[in-house]
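Let's take a friendly walk through this model, starting with its aromatic rings and then turning to the ligand and a few loops.

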Amino acid sequence: MIDDMAGTDSAPRAAAAPLRVAVIGAGPAGLYAAEALTGQDQVPVTVDLVDRLPTPFGLVRYGIAPDHPKLRALRDTLHRTLEHPGVRFIGNVDVGVDLSLEELRQHVDAVIYTYGASGDRKLEVDGELLRGSLAATEFVGWYCGHPDADRAVVEEAVARARSVVVVGVGNVALDVARVLARGRAELESTEMPQHVVDALAASPVEEVTVLGRRGPAQATFTTQELRELGGMPGVTVLVDPSDLELDAASEARVGADRLVARNLAVLRGWAEHEPVPGEIRLTLRFHRRPVRLLGEDWVSGLEVERTLLDGDGRGVGTGELSTLPADLVVRSVGYLGRPLPGLPVDEQSGTVAHTGGRVLRDGAVAPGEYVAGWIKRGPTGVVGTNKHDARETVTSLLDDARAGALRPSDHADDLVRTLAARGAEPVLLADWRAIDAAEVALGATQGRDRTTLHERETLLAAVRAAAQHSPGRAGPSPGSGGTRQRSAHLQAEGRDDLGVPVHEVVGGADDAQTTGAQPLGDEQ
Ligand code: NAP
């Protein structure tokens with residue numbers, strides 16, 4: 001009983017039914033939420049970590065640029081949470097499609113939404129949807145090997161990209177500009193799918209312009225990412241000195257914010273650069289806002305208007321227009337949380353209203369529903385920001401459990417069993433391991449540590465192939481309903497046929513020693 005878990009009752013707790021929590025989205029926020037749930041010793045909890053993709057790690061896999069291997073290595077740390085006996089990864093399940101939110105909730109006691117912000121903000125200017133105009137989400141998804149990327153569209157654009165304009169001066173814009181300017185030698189060692197390496201290496205890029213609608217003191221990129229642009233072979237970074245002239249308010253920002261001061265110092269170091277014949281020109285331009293994309297069938301340029309900052313730091317148009325030639329425009333103006341049927345996602349902000357991570361419906365706390373990560377606070381911060389964010393939410397959830405507002409209840413059936421019965425093909429931890437091994441094996445054939453498998457069918461084929469070679473374990477097959485026998489493999493890691501941890505009660509005080517659980521308050 002939950003009441004017994006408040007710490008006043010010394011009765012054995014291992015018998016208590018655990019609270020079942022579904023975490024929707026196996027990216028950093030979801031994994032940090034799962035870690036916080038299973039890393040505490042007050043409330044017994046099991047976690048079903050559901051993702052619509054067959055792979056875990058969200059933006060660590062499909063957002064962090066492949067030429068940033070050290071950042072991507074965070075995957076290894078996050079993997080420890082996947083391996084926790086109280087956590088069950090259930091990939092390849094789209095909540096709202098494979099089963100409704102309402103149906104999901106019949107299988108669990110609480111839900112934490114952590115599915116991020118995979119949509120893109122719009123520029124809201126004419127010509128935005130011309131061919132040759134891509135959202136950064138499309139381009140980043142493609143070069144990371146996201147299964148939903150539209151290869152034909154992106155590769156045609158990359159093949160025609162001589163002059164590129166990247167709109168926005170955040171870290172994603174810098175990722176996009178850097179990846180476009182990289183040469184084959186630098187791309188070959190990454191995890192990018194081989195066709196991505198080949199397309200980028202063959203692209204005719206001569207100039208990349210990164211465009212800020214406000215000044216350099218208002219840019220949101222970070223200094224390390226900015227500085228990295230200057231270290232690429234065959235690339236000259238250019239800045240017009242007049243773009244670095246600051247008004248009084250911007251000067252004050254430089255004085256008050258060390259990040260801004262460092263950015264300005266890096267930019268000023270480039271202001272004296274001259275173009276070098278034969279090198280790619282990577283230019284940072286400020287105080288220009290997009291007015292419209294030009295072109296008939298394909299984008300040919302971007303019309304921009306010079307801006308001045310008003311008293312509130314907004315970029316206000318001066319009426320002075322000019323045109324930047326472009327055969328590719330990448331709109332990197334921020335991500336946006338997508339709707340999930342049954343969840344109140346605000347269209348404008350792309351976030352879910354909450355208090356301390358408790359979802360609000362019509363202003364009132366919705367029992368058993370929580371939110372963390374970008375769908376909670378919007379697309380800001382570094383990956384680690386999600387750790388604190390998720391812990392705030394989990395603290396609220398555990399407080400509710402201790403207060404008796406959340407209790408374990410009997411559920412009609414197990415989630416994986418329900419999914420399998422209705423024809424879904426849930427991908428469990430052992431299946432993910434098969435995908436992981438297949439990527440490492442493919443990489444080895446190309447002299448790389450890993451090559452990302454980029455098609456959903458290829459990812460699932462890796463699961464099926466491993467299942468065929470593993471006695472007693474059959475992976476998903478198309479249209480098979482996903483029915484599987486995986487006993488040998490899963491029992492070896494303490495899970496039953498459906499990947500349910502055999503020692504389900506995690507987090508009860510009696511289990512803390514055996515699971516190595518830590519009180520939630522401890523930073524790990
Ligand atoms: P971001 O930092 O919010 O940058 C968005 C940019 O788009 C801003 O420069 C913004 O300018 C501009 N913008 C917005 N609307 C515009 C419009 N209508 N016209 C012209 N420009 C417009 O977002 P992000 O780059 O997508 O990054 C998302 C988060 O991921 C950030 O927290 C980022 O730091 C993080 N990230 C980190 C790394 C890393 O650490 N290596 C890599 C990638 C992403 P205004 O400021 O004028 O609105």
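## Aromatic rings

Helices here are DSSP runs of H or I with at least four residues, numbered from the N terminus. Please keep in mind that the model is predicted. Helix 6 covers residues 136-144, and within it Phe 139 and Tyr 143 are 4 residues apart, so about one helical turn separates them.

How many aromatic pairs does a search of the whole structure find? The search gives 4. In the case of Phe 139 and Tyr 143, the ring centres are 5.3 Å apart and the planes meet at 85 degrees; an angle over 60 counts as edge-to-face, so this pair is edge-to-face. Both of these residues are buried. Trp 142 joins them too: ring pairs link Phe 139, Trp 142 and Tyr 143 into a cluster.

The charged end of Arg 160 sits over the ring of Trp 298, at 3.8 Å from the ring centre.

## Around the ligand

From the side chain of Thr 220, a polar atom lies 2.8 Å from a ligand oxygen. Gly 381 uses its backbone instead, with a polar atom 2.8 Å from an oxygen of the ligand. A polar backbone atom of Val 172 is 3.1 Å from a ligand oxygen. As for cover, the ligand taken alone exposes 920 Å², and the protein buries 80% of that.

## Two positive phi angles

Phe 57 has a positive phi of about 95 degrees. You can find Phe 57 in the loop between strand 2 (45-50) and helix 2 (58-62). Is Phe 57 buried or exposed? Its relative accessibility is 0%, and buried means under 20%, so Phe 57 counts as buried.

His 287 also has a positive phi, of about 60 degrees, although it is not a glycine. Its loop runs between strand 10 (280-285) and strand 11 (288-295). With a relative accessible area of 10%, His 287 is buried.

Pro 216 belongs to the loop between strand 8 (207-211) and helix 11 (223-229). Its relative accessible area is 2%, so Pro 216 is buried. Although Pro 216 and Arg 285 are 69 residues apart in sequence, their C-alpha atoms are 8.6 Å apart in space.

Val 97 is placed in the loop between strand 3 (87-90) and helix 5 (101-105). Here the relative accessibility is 64%; exposed means over 50%, so Val 97 counts as exposed. Val 97 and Arg 52 are 45 residues apart in sequence, with a C-alpha to C-alpha distance of 9.5 Å.

Key. Residues numbered from 1 in each chain as written. Predicted model: local features only at pLDDT ≥ 70, side-chain atom pairs only at ≥ 80, totals over all residues. Heavy atoms only, no water. Phe/Tyr/Trp six-rings, centres within 6.5 Å; stacked < 30°, edge-to-face > 60°. Buried < 20%, exposed > 50% of the residue type's maximum accessible area, 1.4 Å probe, protein only. Lys NZ or Arg CZ within 6 Å of the ring centre and 35° of its normal. Polar contact = N/O pair within 3.5 Å; in protein donor to acceptor, adjacent residues only side chain to side chain. Areas by Shrake-Rupley, 256 points an atom, 1.4 Å probe, with all protein chains shown as cover.
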